[in-house]
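Visitor: I would like to go through this model with you and ask, for each label, what stands behind it.

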Amino acid sequence: MSMERLPTRIFLRRIRLMLSTACSAAPWLVALGGTILVLGSILQPLAVAGVGLVVTALTSGDHASLTTGLVLVCAGLVSGSLQSLAHWWCWSYAEELTSRQLRHRLLRTVTAIPTLDHLDDPEVSDLISDLHRRTPSLARSANSLLQVAGAAAQTGATAVVLFHISGWLVLLLPLALIPSYAAARTGRVRYTAEKAGIEEHRVADRLFDLTRDPGIAIELRCSGIVPELLATQRDRLGSRIDRVVATGRRTRGFDIGARVGWVLVLVTAVLWVFSQVRTGALGIGALLTLVLLIPGLEDMVYSLTYWANFLSRLYQTVSGLDTVLEYTADQRVGTAAAPSSIRTGIALQDTRFRYARAQQDALAGVDLMLQPGSVIALVGENGAGKSTLVALLCGLYRPVSGSITVDGADLAEIDPAAWARQLSGAFQAHADLEFTVREGIAVADESADDERIRLALQRARATELVAELPHGLATQLGRQFTDGTDLSGGQWQRLAIARGVLRERPLLRVFDEPTSALDADAEDAILTEYLAAARRHAVASGGISLLVSHRMSTVRSADRILVMVDGRITEDGTHDELIAAGSSYAELFDLQARHYR
């Protein structure tokens, strides 16, 4: 395990994180299992020494040595049985509890990041993906740390036994560290190679997930791109494996040399003790003890090799967790309370935004005032910046320059969780929550009762859909469940809309192409109800509604229409005003209208 030339405080912080990760989920189980493991590790070589004492006593008639030897042998047998029980009673359960805690902690940490910048940064995204994949290794951190302690205790006990035979045999122990060091070095190099290929692994996993997604299976099969996906996955994984194999070739010579040297040392030790027995300098028990210890020495070398390697990798993984925790802690989070109503409006002043590693701004100096109680439509081609503007208003990104204020208060200073509770929305890219219908809608507002849920379903024109399900609101959704019911794309979208309109009086409502999978009549009915409810509730709260759509027929009833081009607002006005102006909005509206004539 290496400090990687880090400052001591960072190294110590990561060691503390490793220890807390190991012990916090099940401290008593870890303590009990650790005690049994360390005691058993000490008794193993002592039990071997006990066998030697018994043989010596039987040949010499030394009854005291016979009793001591029998006690050591019996203690070794008992400790071996206890270690087997501890594996099932302590380690398995402790690892399960730790894994559950770690997965929850990682999810809580990632979702606590106030913005979505980390999702657009490949380095941070890869690090989070790698941590999720290595959660089982982290869950075994307590076991690995105590295995190191057990190996150290076993080494000490073995040193005592070897010294009792002959002082110079103790040198076998430091010599055993040579192959251990070689293995640990190989492990570090291999981990570095694997970490360098995490992007290939993430892409390959994503390709595999695509093949398992029933929602897009028909597109994959009909388009004939499955062979291309398979080839891409093979190439990505092949590139990663080639890198790891090349690393193994670089370290293989040193590994083999260390192992051969260790075997020669053991052979020399056995031959020397044998010669001492022949001359009478040592008893037959000494030779038997050494011969019986040799497999133990091999096991100890393997244990030191394996756990030193594992501990090195564990430290690297904990370093990744520490980096994510520090990244989260470095995110500036506002603490001001969210307003309960909007009085003067939401203002954007020279607001600019650029995604991570992008070459140009997604929003290029937007100046905008959204009046309280207004319904605003955003219109523009794909990539014009509509969804980016919505994301910034929702607090999911922060401007790189300029500002966004709510009634004069900087949005960046408002508690993100408090602001999120003042939002509601339905989106084209929605989540198909495989809960019960009731749970899948109520997640938007846990205080909602069945009456409010049914009202939301009515607004989403989904009442009849739920009525036809086998258990109504209690129906389990998702084909992965035995009694689950799968839905069509349009049906999932209706439930997502119901979830988006559940909150009664949000300060910012967002409708971002949420009816793309519905027919025109259903879309018109849902939007009519949505806009009516928005205007009705906006009287008291001053709530603002944003409607994003490519269909001109759905935005004409908005109080105000904003046309976006290349991250800028190029037109601003009512439908009639923009039609009269005869610019791009009028041309686009006329073009779409021809299809319905």
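**Aromatic pairs and a mixed sheet**

Visitor: What makes Phe353 buried?
Guide: Buried means under 20% relative accessible area, whereas exposed means over 50% and partly exposed lies in between, with a 1.4 Å probe and protein chains only. Phe353 has a relative accessible area of 2%, so Phe353 is buried. Tyr397, with a relative accessible area of 8%, is therefore buried as well.

Visitor: What should I know about the model and its numbering?
Guide: The model is predicted, and local features need pLDDT of at least 70, side-chain atom pairs count only at pLDDT 80 or more, and totals for chains, interfaces and linings use all residues. Residues are numbered from 1 along each chain as its sequence is written, and side-chain values use heavy atoms, with hydrogens and water left out.

Visitor: How many aromatic pairs does a search of the whole structure find?
Guide: The search finds 5 aromatic pairs, where rings of Phe, Tyr and Trp (its six-membered ring) pair if their centres lie within 6.5 Å, and planes under 30 degrees apart count as stacked, over 60 as edge-to-face and the rest as tilted.

Visitor: Why is the pair of Phe353 and Tyr397 called tilted?
Guide: The ring centres of Phe353 and Tyr397 are 4.9 Å apart and the planes stand at 50°, so the pair is tilted. Phe353 lies in strand E1 (residues 346-353) and Tyr397 in the loop between helix H13 (386-393) and strand E4 (401-406), so the pair ties together parts that are 44 residues apart in sequence; helices (H or I, at least four residues) and strands (E, at least two) are DSSP runs, numbered from the N terminus.

Visitor: What makes the pair of Tyr585 and Phe589 stacked?
Guide: For Tyr585 and Phe589 the distance is 6.3 Å centre to centre, with 25° between the planes, and the pair is stacked. Both residues lie in helix H22 (residues 584-594), 4 residues apart, about one turn of the helix. Tyr585 is buried, at a relative accessible area of 1%, and Phe589 counts as buried at 16% relative accessibility.

Visitor: Why are strand E6 and strand E10 said to stand at the edges?
Guide: The open sheet has 6 strands in the order E6-E7-E8-E3-E9-E10, with mixed pairing, and two strands pair if DSSP finds at least two bridges between them. Strand E6 (423-427) and strand E10 (568-573) each have a single partner strand, so one side of each is left without a neighbour in the sheet.

Visitor: How do you know that strand E3 and strand E9 pair?
Guide: 4 bridges join strand E3 (residues 375-379) to strand E9 (residues 560-565), and the two run parallel.
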